[in-house]
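Visitor: I am new to this structure, and I would like to learn how to read its features one at a time. Please begin with the aromatic rings.

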Amino acid sequence: MDALRSVVLGTGSYLPETVLTNADLEKRIETSDEWITQRTGIRQRHIAGEGETTVSLAEGAARRALDAAGLKPTDLDLVILATATPNNTFPASAVQVQRRLGIDKGFAFDMQAVCSGFVYALTTADLYLRSGMAKRALVIGAETFSRIVDWEDRTTCVLFGDGAGAMVLEAVDASKADGRGVLVSRLRADGNHEEKLFVDGGPSSTGTVGKLRMQGREVFKHAVGMITDVIEDSFSALGISAEEVDWFVPHQANRRIIEASAKKLGIAPEKVVMTVQDHGNTSAASIPLAVDVAARDGRIKRGDLVLLEAMGGGFTWGAVVVRW
Ligand code: UT7
């Protein structure tokens, strides 16, 4: 049995004030509220305004998570920021967040696994905490996809939004953790699917930032199978069944993918946390944003078994099961 457990102490989230509805999009491109709602479940998304960046959204979410945890920034010794839209090529946005929070000890880095970024970052933080290399970790998912979508491409620009979510975790002696903490993680990647979802620029290829390109139907075809496979692997590792899950908090890309995955796994619809209608797809921010919504409205409570899952560009995908 593990000597240490990574226990969640608090969550927080932050959304830009500006809301872009489907009706607003109807005025800009050839689309309809009906098409977007039926195909994706999305009704609106938040868009970063002038002066707002991935780092500023991340800072907002981090401060709220620290408040919820009852900690000061200087109590942290690890910051991991999952993002595919960093403020700069370098330094890491995590280090910029660390600076804004007034932390000058410990270590901080970004994690790049696109929409799976948060499950990759949470898994990484769990390993550092359980190894004893860090005591308290801040794990953030923050994105400004509005800056990399092609606003002329109706097949992608209606899908994405901006936002940030954060989680504070602490390494706790397993004998005193009451069964709480990260119980299992499973991560996967397969680079053969690169051209199905990518950004057509970068520092070493074009010297430009580039724009997001996606073959939506191709991603959709793979999504449910990959998601359910990695979740079933996590269930077998723990020796649990779907009925034991209290809350399923999936990556919020498309309502149809979420509903089909829950159905295939045998998770009841009332246990699924769905925020895609309000936030759109916020990539690495979508899981911590949804978790924070459900923790603050009283759904996710201490002792609940929470299943997190994501799939995205790469492809990358993964699942994490946490006892809250
Ligand atoms: O977070 C990372 C993971 N990403 C995902 O999980 C996204 C996965 N993919 C999807 O969610 C879906 O494939 C989409 C929502 C992107 C698209 O839904 P779809 O049911 O697969 O539609 P489609 O791509 O097959 O397009 C159907 C039709 C096309 O017209 P034709 O060729 O049938 O005449 C599109 O041109 O819908 C048309 N279309 C639109 N119509 C109105 C595409 N975008 C729009 C639009 N408004 N915004």
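Visitor: How many aromatic pairs does a search of the whole structure find?

Guide: A pair of aromatic rings is described by the distance of the centres and the angle of the planes. Rings of Phe, Tyr and Trp (its six-membered ring) pair if their centres lie within 6.5 Å, and planes under 30 degrees apart count as stacked, over 60 as edge-to-face and the rest as tilted. In this structure the search finds four such pairs. In one of them, the ring centres of Phe-107 and Tyr-128 are 5.1 Å apart and the planes stand at 75°, so this pair is edge-to-face. Phe-107 belongs to strand β5 (residues 107-111) and Tyr-128 to helix α5, so that distant parts of the chain, 21 residues apart, are linked by the pair.

Guide: Before we go on, please keep in mind that this is a predicted model, in which local features need pLDDT of at least 70 and side-chain atom pairs count only at pLDDT 80 or more, while totals for chains, interfaces and linings use all residues. Residues are numbered from 1 along each chain as its sequence is written, and side-chain values use heavy atoms, with hydrogens and water left out. Helices (H or I, at least four residues) and strands (E, at least two) are DSSP runs, numbered from the N terminus.

Visitor: Are Phe-107 and Tyr-128 buried or exposed, or in between?

Guide: Buried means under 20% relative accessible area, exposed over 50%, and partly exposed in between (1.4 Å probe, protein chains only). Phe-107, at 25%, counts as partly exposed, and Tyr-128, at 24%, counts as partly exposed too. Tyr-128 also forms an edge-to-face pair with Phe-109, at 6.1 Å centre to centre and 65° between the planes. With Phe-109 in strand β5 and Tyr-128 in helix α5, this pair ties together parts that are 19 residues apart in sequence. Phe-109 is itself partly exposed, at 22%, and together Phe-107, Phe-109 and Tyr-128 form one aromatic cluster.

Visitor: Where does Thr-124 lie, and what is it in contact with?

Guide: Thr-124 lies in helix α5 (residues 117-131) and, at 17% relative accessibility, counts as buried. Once neighbours within four places in sequence are set aside, its contacts are Ile-80, Phe-109 and Met-111.

Visitor: At what angle do the axes of α7 and α8 cross?

Guide: Axes are lines fitted to C-alpha atoms, for helices over the stretch in contact, and angles run from 0 to 180 degrees between N-to-C directions. The axes of α7 (residues 216-238) and α8 (residues 255-265) come within 10 Å and cross at roughly 40°. Among the α7 residues that make the contact are Phe-220 and Ile-231, while α8 contributes residues including Ile-257 and Leu-265.

Visitor: How many residues of helix α10 are buried?

Guide: In α10 (residues 286-296), eight of the eleven residues are buried, so that the helix is mostly covered. Among the buried residues are Ile-287, Leu-289 and Asp-292. After α10 comes Gly-298, whose phi is positive, near 90°.

Definitions and conventions
Contact means heavy atoms within 4.5 Å.
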